[in-house]
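The following exercises are to be worked with the sequence and the three-dimensional structure in view. Each task is followed by a solution in steps.

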Amino acid sequence: MNQEFAFQRCIDPSCAATFGVSEILNACPKCGALLDVDYDWSRARVPASLRGFEAKWSTRRNPLHFSGVWRFKELLDFAPDESAVTIGEGQTLLRAEEQVAEYVGMHHVHLQYEGLNPTGSFKDNGMAAGFTHARMVGARKMACASTGNTSSSMAAYASAMPAMNGKKCEAIVFVGSGRIAMGKLSQGLDYGAKTLQILGHFDDAMRRVKEASKALGIYLLNSVNPFRLEGQKTIMLRVLEALDWRVPDWIVAPGGNLGNSSAFGKVFHELKTLNLIERMPHLAVVNAAGANTLHRLYNEIGVRWNGGSCDKAKIDAFYATMDAEQRHASTVASAIEINRPVNLTKALRALEWMNGVVCEATDQEIMDAKAIIGRGGIGCEPASAASVAGLKKLVANGTIGKSETAVCIITGHQLKAPQPTVAYHSLSGEELSREFGDFGVTKNPYANPPVQVKNELEEILRVLG
Ligand code: F0G
């Protein structure tokens, strides 16, 4: 059985308790820290070089070789092949974008377009792995809290299980009422998920889903589930694959619940340990300014992973003040409107492994960057554009050199959240400011407004002339 060399391990080095892969855990039962999926690499079947994975390109009729997650199975081999779940995730694209490079002030910038996934966001990478584990342990009822993309993805996988010779699964999603983009809400409803709109924010929904799943024995598919993050590692493997296995200088990712950042750190650490890459790229995590817990803890309070002994008292004090001030996350980038990122400690570890940086971007900067990305034909939702907005700042302040290579992760598709896009492009002045309210988007220098024209050919020709 494949799983023999895979196990779960507490990320706190002073605990490091291990558990089998068939256990359903969201935290270490001994100390409460997060868990990793780990492998005894000496017994895993890892190719001698990353190029070895290319052999699977010629056998794409095998769904596990078609999948952009499972074609790297040897690096996340926690389940037997017959348990592996796929809906064709990971057919994504890395593209050099000149207009983005010019905008941020660099010679070259690549965008990794995860919006091309079946449900339009990177979450499908994680769900393929999470559902594989769920199937392995016989779970049929799953839940998550979500700002919209996790729920869309979970709902799609749950309803597609019978098509993969699996048993029908029940999907229960917890969302903050009125806080998720329409495209995402529509997906969960369409795929048949039971949708609970909690009168609160994402952070409330996250707390409640944990409580409810514990009380009712429901399988939790948020990124505290360590198996989900194994799937998200493959985003980086596809980036390397597209770069002919060359390591870029920088990976730039928007930070919400910090699952991606954590998974990226883990996979590069593993690749380096396995001698499959020669050097680590740097990681830049970009918070929205209205949801900037990581930025504040990292840059203002100076919290670090410190080899596993990070200053928990400082983190607890930060959250206590946040609660006392009743500070809630608020950003137009609703996908990352999160003040209590569940993977905070893992992300700190990733920042240490990748010698990383953190910054924040305002909603104005995010919406401007989004319009620039859109002009290149890679439409994205606001949260995704935080990566480019952050990169621009990091180049401007000299953290990133203009000749370095950067890959921005474009996490979600443009159609997920049409409302802010249409508002940005079509409104001006007072109307624009009113539409974006507290988010403070008051200008739209990259707008492409629609033109109202009478239903008369002469008038149309005049406008086009
Ligand atoms: N971008 C998009 C489009 C997202 O949906 C998310 C997270 C992120 C970035 C942040 O990624 O959590 O790994 O740091 N969305 C979650 C959700 C929270 O519920 O869909 P992260």
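A nonpolar core is a set of buried Ala, Val, Leu, Ile, Met, Phe, Trp, Tyr and Cys residues joined through side-chain atoms within 4.5 Å. Buried means under 20% relative accessible area, exposed over 50%, and partly exposed in between (1.4 Å probe, protein chains only). The model is predicted: local features need pLDDT of at least 70, side-chain atom pairs count only at pLDDT 80 or more, and totals for chains, interfaces and linings use all residues. Residues are numbered from 1 along each chain as its sequence is written, and side-chain values use heavy atoms, with hydrogens and water left out.

**Exercise 1. Identify the residues with the most contacts inside the largest nonpolar core.**

Step 1. The largest nonpolar core has 110 residues, and F78, F131, F268 and L271 have the most contacts inside it.

Step 2. Helix α7 (residues 226-242) contributes the most to this core, namely seven residues. Helices (H or I, at least four residues) and strands (E, at least two) are DSSP runs, numbered from the N terminus.

Step 3. Beyond residues up to four places away in sequence, L271 touches L50, L75, L237, L240, L276 and I277; such contact means heavy atoms within 4.5 Å.

Step 4. A second, separate core comprises 37 residues, including V100, V104, Y113 and C359.

Step 5. As a general point, nonpolar side chains in soluble globular proteins tend to be buried together.

**Exercise 2. Describe the surroundings of the ligand and its polar partners.**

Step 1. An N or O atom in the side chain of K123 is 3.0 Å from a nitrogen atom of the ligand. A polar side-chain atom of T411 lies 2.7 Å from a ligand nitrogen atom, and a polar backbone atom of N257 is 2.7 Å from a ligand oxygen atom.

Step 2. On its own the ligand has 470 Å² of accessible area, of which the protein covers 99%; the areas come from the Shrake-Rupley method with a 1.4 Å probe.

Step 3. S121 counts as buried because its relative accessibility is 0%.

**Exercise 3. Determine whether E337 is buried or exposed, and find its side-chain polar partner.**

Step 1. E337 is located in the loop between α10 (312-324) and α11 (344-353).

Step 2. Its relative accessibility is 7%, so E337 counts as buried.

Step 3. The side chains of E337 and R179 are joined by a polar contact of 2.9 Å. Leaving aside neighbours within four places in sequence, E337 is also in contact with other residues, among them T147, F202 and A291.

**Exercise 4. Examine the positive phi values of D244 and N355.**

Step 1. Most residues other than glycine have a negative phi.

Step 2. D244, in the loop between α7 and β10 (250-254), has a positive phi of about 55 degrees. D244 counts as partly exposed because its relative accessibility is 37%.

Step 3. N355, in the loop between α11 and β12 (357-361), has a phi near 45 degrees. At 54% relative accessibility, N355 counts as exposed.

Notes:
A polar contact is a pair of N or O atoms within 3.5 Å; within protein, one must be able to donate a hydrogen and the other to accept it, and residues adjacent in sequence count only if both atoms are side-chain atoms.
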